[in-house]
Amino acid sequence: MRRHLDRGVTVALVLAAGMSAAQFTPGSAGQGGGSTPGTTGTGTTSGTSGTGTSGGASGASTTSGTGTATPTPGTGSAAPGVSGPQTPAPTTGAGGGTLPPGPPTIAPESVDSASTPSGGRTVSPAPMKEPAREAQQVKQGVANVPDTQAPRKAGPLTLAQLVERARTSDLRVEEASAELRKFEALYKQARWAWFPKFEITVGMGGPIPEARNDGLGGPPTTKASLEGDLDFGKVGVTVFSNGNAVLPIYTFGKLSALEKAGAQGPILGAALRERVRDEVGFQAAQAYYSYQLARAGLQQMEEVSKRLEDAAEKIAALLKEESPQVAQVDTYKVRFFRQVVEARKADVIQGRALAMTAIGLLANAPPGEEVAVVEEDLPLEDEVQPPSLERALELAEQYRPELTAVAAGIVARESEVLIRERSYFPDFGLAGFYDLRFTTSATRQRSPFAYDPYNDRTAGVGLVMRGTFDIPIKDAQLDQARAELDKLRAQEKQIHAAIRLEVTKVHGELVAAWAKAKAFTDAEKSARRWVTSAFAAFDLGTGETRDLVDAFTAYAQVTGDRAKSWFDVRLGMAALSRVTGTPPALRE
């Protein structure tokens with residue numbers, strides 16, 4: 001089940017990143033750019049890859065999850081001539097497909113109440129009168145509900161809130177928590193291994209033949225008490241109870257080694273749960289950034305569509321004027337690019353919906369609950385720099401949960417080897433026993449020299465020594481325990497090497513993504529100036545359509561590459577936090 005869940009989440013994120021953006025050129029549409037940092041080694045998953053985002057800078061308004069239009073400036077300029085990027089304030093986004101805007105909300109009072117010259121109300125003949133009145137009554141009823149009973153809608157989640165929710169409520173985390181409780185129970189069992197095991201038997205049976213004498217071991221006093229005939233006399237029943245227990249006193253260190261081995265279980269379980277939390281937190285960040293990339297790509301496509309529409313209107317006007325500046329083929333070119341943008345927009349919308357589905361899955365949202373996240377741009381502040389490789393390796397050696405888990409496993413295996421080595425020695429303990437019997441048809445013997453299987457009362461305490469002499473089997477078990485210890489030590493060396501390789505790989509990809517992001521940001525500024533100049537020249541009649549199309553194509557290409565590169569930077573930072581195993585406090 002866990003493997004299928006991981007596979008489902010990975011597929012959703014791959015599709016979200018793959019369809020979150022589109023690039024177009026005069027000869028092709030949407031070449032993918034870059035791949036997210038992957039991972040290698042124990043307990044890791046590969047990253048995702050996706051296509052770049054096409055389109056110009058966003059200046060259009062976006063729609064929040066509640067349907068209210070909120071103007072959000074994009075990462076580029078909304079109109080030609082704007083020189084620098086603008087950072088919008090985070091807004092609410094609920095994801096999913098884009099729907100046509102609905103009619104404005106009409107308050108119930110606006111349907112059947114209006115001001116009249118006399119100050120009264122006019123009755124509207126509209127058929128919506130009764131539903132509006134019922135809606136108003138429901139609204140008033142909800143307003144009168146006490147605060148403790150009123151339904152509360154959770155606000156949009158930030159990245160930190162989403163990661164924390166995934167780390168605490170994901171199903172894989174719940175599974176790891178259950179595994180930790182099992183290790184804690186095993187440790188408790190190892191701590192109480194010294195506790196005596198009381199074996200008690202209670203029973204009753206019959207019929208018991210009559211057995212009577214003088215109580216001192218003398219001959220039978222009744223004819224039925226003689227054996228060898230079928231005269232059983234007055235039969236009865238017997239009731240008995242017996243028990244024994246052994247309290248270990250000295251075991252040559254076997255009990256102490258067992259408790260030490262059991263103490264490593266909770267350490268191992270906590271480390272495995274932390275590894276699952278790190279993986280879930282990274283996937284939550286991956287889905288979050290995929291949604292932001294798809295949202296920004298949609299805004300950029302809308303901006304490009306607007307500019308291409310303006311260019312098409314300008315070309316149509318020049319064609320009517322029979323201007324030699326344009327030809328009919330220019331109309332086909334612009335129409336082609338507009339259709340490519342519209343086709344890619346559908347992929348971006350689907351990618352955004354898949355990202356939101358993955359977010360809901362990672363947040364363990366119940367069916368029907370809508371998980372909203374804030375909307376923010378992907379670029380980071382300029383002063384934020386990736387840590388050095390030496391620092392990343394140092395953090396991985398200190399915080400990586402796999403290293404804690406394998407160290408605990410080695411301690412447990414060493415304790416197992418000690419137990420196998422001491423198994424040749426016997427155990428010393430304090431033993432106790434009792435045996436009580438009562439039979440209704442037999443005389444209790446009062447002489448200590450008389451044998452009385454019917455009415456026995458014995459109990460005792462003494463020192464015992466217990467051990468086995470299966471030496472060949474003990475030798476084989478000791479060799480097996482030593483082999484398992486050597487195997488785990490070799491795995492520890494492999495894990496150390498794999499972690500160093502993984503951290504080096506992710507750090508290198510992050511540094512490369514950071515360099516590309518800075519370069520594409522500068523290239524976008526140049527492309528924005530190019531588009532502004534080409535559009536102005538075309539508007540004045542001094543530029544050709546080809547120059548305008550080339551400028552738009554370059555601007556769309558570099559804008560998509562810039563968005564994808566900053567996506568790689570943000571995801572690379574999250575991947576570096578995961579491979580170093582740093583606590584959430586250090587990540588912030």
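Contact here means heavy atoms within 4.5 Å. The model behind these views is predicted, with pLDDT of at least 70 needed for local features and 80 or more for side-chain atom pairs, while totals for chains, interfaces and linings use all residues. Residues are numbered from 1 along each chain as its sequence is written, and side-chain values use heavy atoms, leaving out hydrogens and water.

**View 1**
Leaving aside residues up to four places away in sequence, Thr443 touches Ala211, Arg212, Asn213, Gly215, Asp452 and Asn455. For Asn213 there is also a distance to look at: its backbone nitrogen lies 3.5 Å from a polar atom of the Thr443 side chain. A polar contact is a pair of N or O atoms within 3.5 Å; within protein, one must be able to donate a hydrogen and the other to accept it, and residues adjacent in sequence count only if both atoms are side-chain atoms.

**View 2. Strands S9 and S10, running antiparallel.**
Strands (E, at least two residues) and helices (H or I, at least four) are DSSP runs, numbered from the N terminus. Strand S9 covers residues 427-439 and is joined to S10 by 10 bridges; two strands pair if DSSP finds at least two bridges between them. Strand S10 (residues 457-466) is hardly covered, with a count of 1 buried residue among its 10. Buried means under 20% relative accessible area, exposed over 50%, and partly exposed in between (1.4 Å probe, protein chains only).

**View 3. Helix H5 against helix H6.**
H5 (residues 171-191) packs on H6 (residues 254-320) at an angle of about 175°, and the axes are 7 Å apart. H5 is therefore roughly antiparallel to H6. The residues of this contact divide into 13 nonpolar, 5 polar and 6 charged. Axes are lines fitted to C-alpha atoms, for helices over the stretch in contact, and angles run from 0 to 180 degrees between N-to-C directions. Angles under 35 degrees count as roughly parallel, over 145 as roughly antiparallel, 65 to 115 as roughly perpendicular, and the rest as oblique.

**View 4. Helix H8 meeting helix H11.**
Between H8 (residues 389-399) and H11 (residues 545-580) the angle is about 45°, with axes 8 Å apart, so the two helices are oblique to each other. H8 brings Ala392, Leu395, Ala396 and Tyr399 to the contact, and H11 brings Leu576, Val579 and Thr580. By class, the contact has 6 nonpolar residues, 1 polar and no charged ones. Ala, Val, Leu, Ile, Met, Phe, Trp, Tyr, Cys and Pro count as nonpolar, Asp, Glu, Lys and Arg as charged, and the others, Gly among them, as polar.

**View 5. Backbone details at Phe252 and Asn364.**
Although not a glycine, Phe252 has a positive phi of about 60°. Phe252 sits in the loop between strand S7 (236-250) and H6 and is partly exposed, at 22% relative accessibility. Asn364, also not a glycine, has a positive phi of about 55°. Its place is in the loop between H7 and strand S8 (373-375), and Asn364 is partly exposed at 28%.

**View 6. The cis peptide bond between Gly206 and Pro207.**
Omega is about 0° at this bond. Pro207 belongs to strand S6 (residues 199-208).
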